[in-house]
Amino acid sequence: MIALITGGSSGMGLEFARQLAAKGYDLILVSNRPDELEQAAAELRGNYPVAVTTRCQDLAKTTAADELFEWCPEVPDVLINDAGMFFFKELQVEDLPRVQAMIDLHIVTVTRICILFGAAMKRRGSGRILNISSMTARIPAPGITIYSATKAYLKSFGRSYSYELKPYGVTLTTVCPAAIATPLYRLSERQMRAGVRTGLIRTPQWLVRRALRALFAGRRVISPAFMNVWLPALIWLLPGPIIQRLWKKLK
């Protein structure tokens, strides 16, 4: 059994690798951070009796999915699309390169990976795909304009495409986590600990356990954590002028 994990060198991606290795999956880790990638591979090889293959690649390129598919030595049994990026600020013209990179990474690359590997899985008659969306897919808000929009696309795409894959023995699960304690959000250690202690931020271990449970159960979309229930509803209820006032204080 083989699992391919994008963004597998740190954060949730590395935790997916650990928990899948514990289940006996050989691993293919993809990341654009060579040092982290080799450290992750060394840790996994040292702790689990599985093979670990690495590929250092920038997935925020329009050709990234095709290059990965052509390189991949074997069609994986499990495919985890975890690679992501995040920034919080008012959009300016100078942000266009980062905007394009986020669109390419979250939308173009994931879409093409799902279609390319999905087609191979369909021919084989089996396979499981997991995409990481976000609670922000339901919270279009200033400061995370592109992030929430791309995550909303992933949720819509994953749900729809899962119906196309199902008759061929292939499942696609979309996970919409709330805040998770990873380097993605660039919080200080103190802020991270406080968030985890109060339950506002969940650990990668907690999230990955639930995500894999949903994956192997063949669920289409999951939104774990109680914050997924109350925060989007609260924000939707806020009048526009209040959101505008809050944004002026935050930016």
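This is a predicted model: local features need pLDDT of at least 70, side-chain atom pairs count only at pLDDT 80 or more; totals for chains, interfaces and linings use all residues.
**Entry 1: Asp-95**

Leaving aside the neighbours within four places in sequence, I found Asp-95 in contact with Lys-89 and Glu-90. I looked up where this residue sits, and it belongs to the loop between strand 4 (78-81) and helix 4 (96-124).

**Entry 2: the chain as a whole**

I then stepped back to the whole protein chain, whose secondary structure comes to nine helices and seven strands. Of its 251 residues, 47% count as buried, and the accessible surface comes to about 12,400 Å², with 56% of that belonging to carbon and sulfur atoms. When I took the contacts between residues at least 6 apart in sequence, 69% of them turned out to join residues at least 24 apart.

**Entry 3: strand 6**

Is strand 6 mostly covered or mostly open? I found six of the six residues of strand 6 (residues 170-175) buried, and so wrote it down as mostly covered. In a regular strand the side chains alternate between the two faces of the sheet, and I therefore checked the two sides separately. Val-170, Leu-172 and Thr-174 are buried on one side, and Thr-171, Thr-173 and Val-175 are buried on the other, which leaves both faces covered.

I next looked up the partners of this strand. Strand 5 (residues 127-132) runs parallel to strand 6 and is joined to it by six bridges, with Asn-131 having Thr-174 as its bridge partner. Strand 7 (residues 221-222) is also parallel to strand 6, through two bridges, and there Val-175 has Ile-222 as its bridge partner. Between strands 5 and 6 I traced helix 5 (residues 145-165), and the three elements together make a right-handed β-α-β unit.

**Entry 4: Val-50**

I found Val-50 in the loop between helix 2 (34-47) and strand 3 (52-56). Its relative accessibility is 11%, so Val-50 counts as buried. Once neighbours within four places in sequence are set aside, its contacts are Ala-21, Gly-24, Tyr-25 and Asp-26. For Gly-24 I also computed the C-alpha to C-alpha separation from Val-50, which is 6.6 Å across 26 residues of sequence.

**Entry 5: aromatic pairs**

How many aromatic pairs does a search of the whole structure find? My search returned five. In one of them, the ring centres of Phe-69 and Phe-117 are 5.0 Å apart with the planes at 85°, so I classed the pair as edge-to-face. Because Phe-69 lies in helix 3 (residues 64-71) and Phe-117 in helix 4, this pair ties together parts that are 48 residues apart in sequence. Phe-69 is partly exposed at 25% relative accessibility, whereas Phe-117 is buried at 1%.

The rings of Phe-86 and Tyr-147 have centres 4.9 Å apart and planes at 85°, so this pair is edge-to-face as well. It links distant parts of the chain, with Phe-86 in the loop between strand 4 and helix 4 and Tyr-147 in helix 5, 61 residues apart. Tyr-147 is buried, having a relative accessible area of 5%. I also noted a cluster in which ring pairs link Tyr-153, Phe-157 and Tyr-161.

**Entry 6: cysteines**

Finally I looked for disulfides, and the structure holds zero. Among the cysteines, I looked up Cys-56, which counts as partly exposed at 47% relative accessibility, and Cys-72, which counts as buried at 12%.

Definitions and conventions
Residues are numbered from 1 along each chain as its sequence is written. Side-chain values use heavy atoms; hydrogens and water are left out. Buried means under 20% relative accessible area, exposed over 50%, partly exposed in between (1.4 Å probe, protein chains only). Helices (H or I, at least four residues) and strands (E, at least two) are DSSP runs, numbered from the N terminus. Two strands pair if DSSP finds at least two bridges between them. A crossover is right-handed if, with the strands pointing away from the viewer, the path from the first strand over the helix to the second runs clockwise. Contact means heavy atoms within 4.5 Å. A disulfide is a pair of cysteine sulfur atoms within 2.5 Å. Accessible areas come from the Shrake-Rupley method with a 1.4 Å probe; for residues, only the protein chains shown count as cover. Rings of Phe, Tyr and Trp (its six-membered ring) pair if their centres lie within 6.5 Å; planes under 30 degrees apart count as stacked, over 60 as edge-to-face and the rest as tilted.
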